Amino acid sequence: MLRRFRLEEPETVPEASELLARYGDSARVYAGGTELLLVMKEGLAHYERLVNIKKIPNLDTVKQDNGVISIGALATHRSLSTDALLEERLPVFAAMEKHVANIRVREVGTIGGNLCFAEPHADPGTLLLVLGAKLILAKASGRREIPIEGFFVGPYETVLEDDELLTEIRVPLLPAHSAAAYLKFGYLERPSVGVAVSLSLDGASVRDVRVAVGCAGPTPRRIEAAEEALRGKSVEDASESIGKAGAIAGRESDAITDLHGSKDYKEHIVGVLLKRAFTQVVEQCR
Amino acid sequence: MRFEREIDIHSPKEKVWRFLWDIDRFIACVPGCKEAGTLEAGKSYTATMVEKVGPFRVEFPMRIDVLESREHSYIKAQASGSDSKIGSRMKVELEVNLTGEGDQTKLLLGASVDILGKLATLGHSMIKRKADQVMDEFAGNLKQKLEADA
């Protein structure tokens, strides 16, 4: 059962940051609440205060700014899954959002909340890794921009400071002759494995490729060794090497045995999904 | 989940052995562990483990029972406790092996950690990462304290 708490409703980022600084461990940011309220109802966490940031204006917009798509942290999964700009300029992101969790979560859960809660079995972080996203973290005294690679520390842990908020996700548009895909597989409510690939072709050869694996281990991670097995090769040679790249990605995914599958099983699924995703992005690039 | 660490300590085995039985100094090496007490010297102890991961804070009052010990070489102990607030239990089986000659000791630490209840639903990766951190920090603290005393 949910225990009593006080709801604070700041209207600016500095106000929210000051509240978080003032109340420390007894307060927590509240946005969609789809993760936080669940653990609070289960009695796994309790806060005397929740700092509702949904009244802060302009934190839920999606806009394009010099080749970068800026996504407000308070945008819900549902709004992102149907956003016209995303569907036109970054369709892979809108497609991923269409399949986050379930309709109840997508309706109120926010992209910022998903990233900040850092639940290991989540989709957006993995895709954002191959898209080269940067995150804007803000507090009363200023703001900083960090690459998403540096955001996740471990399960449920990020580099966010106690009085800091994620306000914006900045995703560069894919260059010409490029595509990205995100595939996942699971048999429970949350995915067992998620694999993202982005590919840029230069004629018939792989100019750049990025591979990321999520859900299998503690945090989503880029697998640079798998990328090395594909980069610079002709599409045909890269396609032949995809099994080897998949085996590397599986090994390097830091997969762990849990309810979502054994380590070996997850490593195998990483290879299967990587092969499918690579085939898909090659088709899209052409 | 099973965790193992091998710690090379520049200190004689006898001194490492005495340190392991000095409950206050030993507990000070375990991150998150506080309020150590002795129920029966050499047999039963108490301590409280407090850990925080992201939004979760757990507090396990533990009872530690020494199951077996061979002087200067081996200790087997079992620790268990419950966090009633979050409805979870922790059980740890701990084995310590000491080998070495002269001023050099090799300490082999093995721990089997079982978490039951709601905390376990958060996933093994969180528990594994935290336990890895605790083991690494403990190994570092133990080595530092013993070598500083040399």
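This is a predicted model: local features need pLDDT of at least 70, side-chain atom pairs count only at pLDDT 80 or more; totals for chains, interfaces and linings use all residues.
Helix α12 of chain A covers residues 263-285, 23 residues in all. From its first C-alpha to its last, α12(A) reaches 33 Å, close to the 33 Å expected at 1.5 Å a residue. Buried positions along α12(A) include A:Lys266 and A:Glu267, together with A:Val270, A:Leu273, A:Leu274 and A:Ala277. In an α-helix there are 3.6 residues a turn, so residues three or four places apart point the same way. The elements of chain A listed below are among those that cover the buried residues of α12(A).

| Covering element of chain A | Residues |
|---|---|
| β11 | 178-185 |
| β12 | 193-202 |
| β13 | 205-214 |
| α10 | 235-240 |
| α11 | 242-252 |

The largest nonpolar core has 104 residues, and A:Ala180, A:Val195, A:Val197 and A:Leu274 have the most contacts inside it. Helix α12(A) supplies the largest share of this core, 8 residues. Apart from neighbours within four places in sequence, A:Val195 is in contact with A:Val270, A:Leu273, A:Leu274 and A:Ala277, as well as with A:Leu183 and A:Val213. A second, separate core has 7 residues, among them B:Ile9, B:Val16, B:Leu98 and B:Leu107.

Between the chains, 18 residues of chain A are in contact with 14 residues of chain B. On the side of chain B that touches chain A, helix α3 (residues 124-148) of chain B gives the most, with 5 residues. By class, that side of chain B has 5 nonpolar, 5 polar and 4 charged residues.

Terms used: Residues are numbered from 1 along each chain as its sequence is written. Chains are lettered from A and ligands numbered from 1 in the order in which they are written. Two residues are in contact if their C-beta atoms, placed from the backbone, lie within 7 Å. Helices (H or I, at least four residues) and strands (E, at least two) are DSSP runs, numbered from the N terminus. Ala, Val, Leu, Ile, Met, Phe, Trp, Tyr, Cys and Pro count as nonpolar, Asp, Glu, Lys and Arg as charged, and the others, Gly among them, as polar. The expected span of a helix is 1.5 Å times one less than its number of residues. A residue is buried if 20 or more other C-beta atoms lie within 10 Å of its own, exposed if 12 or fewer, and partly exposed in between; C-beta atoms are placed from the backbone. A nonpolar core is a set of buried Ala, Val, Leu, Ile, Met, Phe, Trp, Tyr and Cys residues joined through C-beta atoms within 7 Å.
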